[in-house]
Amino acid sequence: MKNFPRSMPRSILGAAIASILAAPGVVWAQSADATLRGSAPAEAEVTARNVATGLTRRTKANAAGSYTLAGLPPGTYRVEAGPGTETVVTLSVASTATLNLAPTEVATSEEPMQEVTVQGRRLNEVRTSEVGTTVSQQQIETTPQMTRNFLEFADAVPGMVFQVDASGRTKIRGGAQNENGVNLYIDGVGQKGYVRSGVSGQAGDTQGNPFPQLAIGEYKVITSNYKAEYDQISSAAITALTRSGTNTFEGEAFGTYTADNFRARTPGELDSDTKSESESKEYGVAFGGPIIQDKLHFFVTYEAKRYVTPKTVTVDGSPPADVVAQLPASALAQLGPASIAFDEDLYFAKLDWAISDMDTLTLSAKIRKETSQGDQTGTGVAQSAAVETDNSDDRYELSWQRTAERWLNEVQFTYEDAFYVPSITNSGSNGAVYTLQVAPGNDPRILAVDGADPRAGQNKGQKGWSIADVITFPDVAGKHTIKAGVKYKVVDLTAADSIPGNPVFYYDVTAAGVATIPYKAVFALPLAGFNSQVTSEDKQLGVFVQDDWTVNDKLTLNLGIRWDIEKNPSYLDFETPQFFLDMLNTEVAPGLTYGESLGLSTDPNVAIDINDYISTGNNRKEQTDTFQPRLGFSYDLGADQEHVIFGGVGRAYDRTLYDYLQLEQTKFTLATTELRFNTTDHPCTLSASCRTWDPNFANDPNALPALLSGTAGEVNLINNDLKVPYSDQLSLGMRNRLGDWNTSASVSRIHSKDGFVFTLGNRYPNGDFWQNRSQPWGNSPPGLAGPLLIGNNGIETKSTQVMLSAEKPFSEDSRWGATFAYTFTDAEQNRDINEHYIFDAASINNFPWIVSNAAAKHRFVATGSYSGPWGLTFASKFTWSSPLPKNDIGCLTPPATFPTGAGCTAVGYDIGGTGYKSLDLQVTKNFELGDMGSMYLRLDGINLTNAHNLVDYINENGPDGVISGGRYNPNGNITGLPRTLRASFGIKF
């Protein structure tokens with residue numbers, strides 16, 4: 001996000017911090033706690049006591065008999081408001097439940113009470129405008145699972161997709177939005193990654209878990225219409241509750257194992273008649289209990305992963321077979337089965353101290369350490385060109401909650417330290433990338449071998465603290481629950497985008513063979529006098545007000561607004577370097593500078609006003625209009641929570657990732673450059689960025705760096721008026737209670753705007769972007785060895801989703817439970833959801849709207865569990881979806897061009913049929929061990945039908961040469977797992 005005014009720390013920010021210090025406590029903005037409301041005898045004292053921990057909260061019903069208890073940690077409570085009103089209920093995470101306490105006839109007995117296990121009926125949240133679903137601990141413990149990542153269970157929520165790619169790496173996405181827009185809140189603490197996308201450490205490049213699964217109690221997934229308390233988000237909100245110690249000492253240990261002997265072969269292994277080594281070991285332990293009964297409790301856990309994951313190295317795209325056959329023998333030998341190694345250690349510890357009936361103190365810590373070898377191996381990348389990655393994420397939280405009769409207050413202080421560090425392992429040899437020239441300027445990769453691109457080596461992370469202050473008034477005028485809050489955060493964002501190493505050379509391949517001379521080299525060289533790593537002290541401020549207004553016993557309004565602002569000195573205070581200003585001011589024609597030539601075109605999508613990108617250090621201002629109304633309603637038709645219509649509209653601002661912003665400072669300092677060579681197939685005008693090939697460039701490590709002569713390689717500039725990405729959301733639906741079943745039907749419309757995109761800033765001398773189907777790669781600013789790239793807003797997605805769900809909650813009485821979820825998605829976008837670069841058009845405005853590759857059109861997920869006889873538990877999960885649409889670049893047969901002069905354009909297509917299918921089953925046998933506890937044996941069968949869930953496409957071209965459709969590569973990579981058995985053993989004590 002952008003920056004707040006320099007005067008703000010003395011005004012709004014100062015007042016905010018003063019209020020924090022003056023207040024007795026705060027409610028965190030994304031509270032995982034529950035709220036209980038309803039009716040009771042007038043003026044009666046309402047008491048709720050947690051049966052596991054002894055935590056007690058009290059309030060007083062008003063003269064009309066309404067009451068509200070806020071800030072209740074989810075769990076089972078004994079609630080009473082006088083004789084004959086006692087009842088036991090279970091409250092879910094981040095929910096508002098209704099419980100009416102009416103007196104009934106009380107039976108008396110002189111017999112002493114026996115100690116019993118208390119199980120309350122779960123109160124479902126139905127009178128809310130949010131589109132969301134709760135994942136219970138029972139579902140977490142029983143549903144078959146590919147990997148111990150607790151977010152996997154969100155896969156059964158309409159509108160959500162949890163993906164395990166061909167490398168075993170995981171990511172979660174809501175709707176048709178990029179994973180950048182998702183935020184995860186654990187005990188109210190956002191786990192947002194500010195440098196890289198989405199949830200910190202969960203950006204689709206790790207096999208690890210964001211949190212130990214043993215430490216998760218339950219969580220709620222909100223896909224749209226979240227309340228004003230949720231910040232730094234434009235897609236789904238996931239709010240999770242961690243487990244706490246109770247008045248009983250309890251522990252658990254587990255181990256899970258599978259290997260290549262327990263799985264079927266992948267399509268790539270079948271094609272090569274081989275089988276890669278693979279192994280998966282997961283194990284952990286948890287223990288908790290009382291330090292002081294009813295007062296002080298502890299909980300600790302440790303989980304580990306040790307993986308060896310099979311992977312298939314394939315060519316990228318659909319190059320002709322006679323072209324692939326010309327690859328060097330050493331490169332062809334690297335196609336086929338490979339493997340990726342991964343290790344992770346997760347630690348979590350928590351203390352809960354009920355100091356009094358009014359005060360609770362909580363202290364927790366999470367430590368995450370992981371390493372992987374062979375990252376990026378797969379489509380178009382051989383293992384010899386992959387990287388090794390270290391990933392760490394440590395977070396600490398201290399909160400103090402104070403509860404009074406008419407208000408609730410909580411202070412929360414957090415600290416985080418999270419870094420992602422991929423490194424190049426084979427830096428002693430030159431890399432080679434073999435490409436296919438489809439058209440001038442369009443050279444898709446076939447295969448990379450023998451060395452990673454220097455841009456793959458990085459050091460990116462965030463480290464800092466935050467403090468939050470929110471106060472809740474749960475019963476204002478008998479109808480309103482008002483919550484208002486402020487959060488201030490200071491976090492150092494660090495980025496180094498490339499690591500110096502050996503160059504990577506690009507070679508064209510045709511049916512006649514491999515070119516003997518490369519047409520391009522990529523290498524990194526530190527620029528004298530500049531630091532190639534940058535750290536920015538990022539400051540964030542957010543405030544919100546939320547009013548949940550119970551208008552009457554049928555209508556509830558959720559009315560909220562929030563405002564966020566951010567100061568990022570890397571963007572706000574950046575000064576365009578003088579050497580580059582001199583380049584822009586160099587005359588390229590009499591009376592015409594290079595900077596002026598960029599604006600010569602009469603096409604507004606081609607012409608560039610370079611002054612929009614030149615920063616003086618004080619001409620960039622923060623975006624201050626980031627107000628986000630969040631308005632919703634629910635209408636209970638019979639005032640009995642049986643049939644409820646709900647809906648809402650709102651706006652949600654996210655963040656512009658620092659991974660993009662930092663390039664303005666780091667790209668030229670490390671001088672990562674794409675130096676081109678004048679070859680027959682890739683001609684260019686000799687200049688600083690285009691040279692005549694010399695064999696010494698490949699043999700002498702000092703030859704290429706010497707060409708730069710201390711000048712920069714690539715320069716990135718960002719628009720001085722950069723906006724914050726956001727989404728506008730609209731939803732309407734209905735919930736029904738049909739006997740034991742809870743159903744929901746809703747439609748959601750989300751339009752995400754102002755996504756960030758880099759485009760080529762070079763132009764031909766006359767201002768054109770296209771000449772003879774070629775972009776002006778060789779016409780860089782005079783003296784610059786690489787291109788000029790410019791960053792702007794412009795990426796958009798539009799999606800409409802119809803979401804249907806039905807749930808029969810598991811209960812001990814019925815011994816079974818089931819869920820069904822169907823999602824229909826109609827989505828389009830103006831850029832591949834996984835890309836933020838565009839080089840096949842002068843502007844994002846020239847790119848067509850195409851079908852989105854973020855979500856399948858149809859998706860259905862069903863789960864079920866049954867508690868059988870003889871200590872047996874059975875559970876299942878069935879997933880089916882249509883294919884993810886394919887987004888690519890399609891090119892006309894030369895010399896034809898599109899009206900813009902381009903030879904290529906963005907295309908998208910949907911092949912229909914089945915895209916993903918998996919039937920998973922698990923059976924658990926429990927053994928009671930008397931006073932010692934119990935043990936269990938568990939067997940999970942994943943993808944029992946061994947469906948080949950392919951992900952690699954083979955494109956098919958139409959008569960004009962442009963991609964018109966395609967099909968799956970039958971020997972390519974898969975998502976998820978082949979048929980796999982996972983064996984587990986555990987003890988509970």
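**Figure 1. A nonpolar surface patch.** Phe249, Phe287, Val300, Phe927, Leu929, Met932, Leu937, Phe985, Ile987 and Phe989 make a nonpolar surface patch of about 880 Å². Patches are made of residues with over 30% relative accessible area and no salt bridge; like charges are joined within 9 Å, and nonpolar side chains (Val, Leu, Ile, Met, Phe, Trp, Tyr) within 5 Å. Accessible areas come from the Shrake-Rupley method with a 1.4 Å probe, and for residues only the protein chains shown count as cover. Met932 lies in the loop between β49 (916-928) and β50 (934-942). Helices (H or I, at least four residues) and strands (E, at least two) are DSSP runs, numbered from the N terminus. Met932 counts as exposed because its relative accessible area is 64%; buried means under 20%, exposed over 50%, and partly exposed in between (1.4 Å probe, protein chains only).

The model in all views is predicted, so local features need pLDDT of at least 70 and side-chain atom pairs count only at pLDDT 80 or more, while totals for chains, interfaces and linings use all residues. Residues are numbered from 1 along each chain as its sequence is written, and side-chain values use heavy atoms, with hydrogens and water left out.

**Figure 2. The two disulfides.** The whole structure holds 2 disulfides, each a pair of cysteine sulfur atoms within 2.5 Å. A disulfide is a covalent bond between the sulfur atoms of two cysteines. In the link of Cys684 and Cys690, the sulfur atoms are 1.8 Å apart. This link of Cys684 and Cys690 is right-handed, with 70° about the S-S bond, and both cysteines are buried. Cys891 is joined to Cys904 with an S to S distance of 2.0 Å. Here the angle about the S-S bond is 100°, and the link of Cys891 and Cys904 is also right-handed. Cys891 is in strand β47 (residues 886-891) and Cys904 in strand β48 (residues 904-909), 13 residues apart. Cys891 and Cys904 are both buried. Counting bonded cysteines along the chain, the pattern is 1-2, 3-4.

Figure 3. In the pair of Asp155 and Arg859, the closest N and O atoms are 2.7 Å apart. Asp155 is in the loop between α2 (137-142) and β10 (160-164), and Arg859 is in strand β45 (residues 858-867), 704 residues apart. Asp155 is buried because its relative accessible area is 5%; Arg859 is buried because its value is 12%. Lys192 and Asp654 form another salt bridge, at 3.0 Å from N to O.

**Figure 4. Strand β2 and its two partners.** Strand β2 (residues 45-50) pairs with strand β3 (residues 56-60) in the antiparallel sense over 5 bridges; two strands pair if DSSP finds at least two bridges between them. The hairpin of β2 and β3 has 5 residues between the strands, and Gly54 takes a positive phi near 85° there. Strand β2 also runs antiparallel to strand β5 (residues 75-80), joined by 4 bridges. Arg49 stands opposite Thr56 in β3, and the bridge partner of Arg49 in β5 is Arg78.

**Figure 5. An open sheet with mixed pairing.** The sheet has 5 strands in the order β9-β14-β15-β12-β13. Its edge strands are β9 (131-135) and β13 (189-190), each pairing on one side only. Strand β12 (residues 183-186) pairs with strand β15 (residues 237-242) in the parallel sense over 4 bridges. Ile186 has Ala240 as its bridge partner in β15.

**Figure 6. The surroundings of Met583.** Met583 is in helix α7 (residues 578-584) and counts as buried because its relative accessibility is 8%. Apart from neighbours within four places in sequence, Met583 is in contact with Tyr594, Pro781, Pro782, Gly783 and Leu784, where contact means heavy atoms within 4.5 Å. The C-alpha atoms of Met583 and Thr593 are separated by 8.8 Å, with the two residues 10 residues apart along the chain.

Note on methods
Salt bridge = Lys/Arg side-chain N within 4 Å of Asp/Glu carboxyl O.
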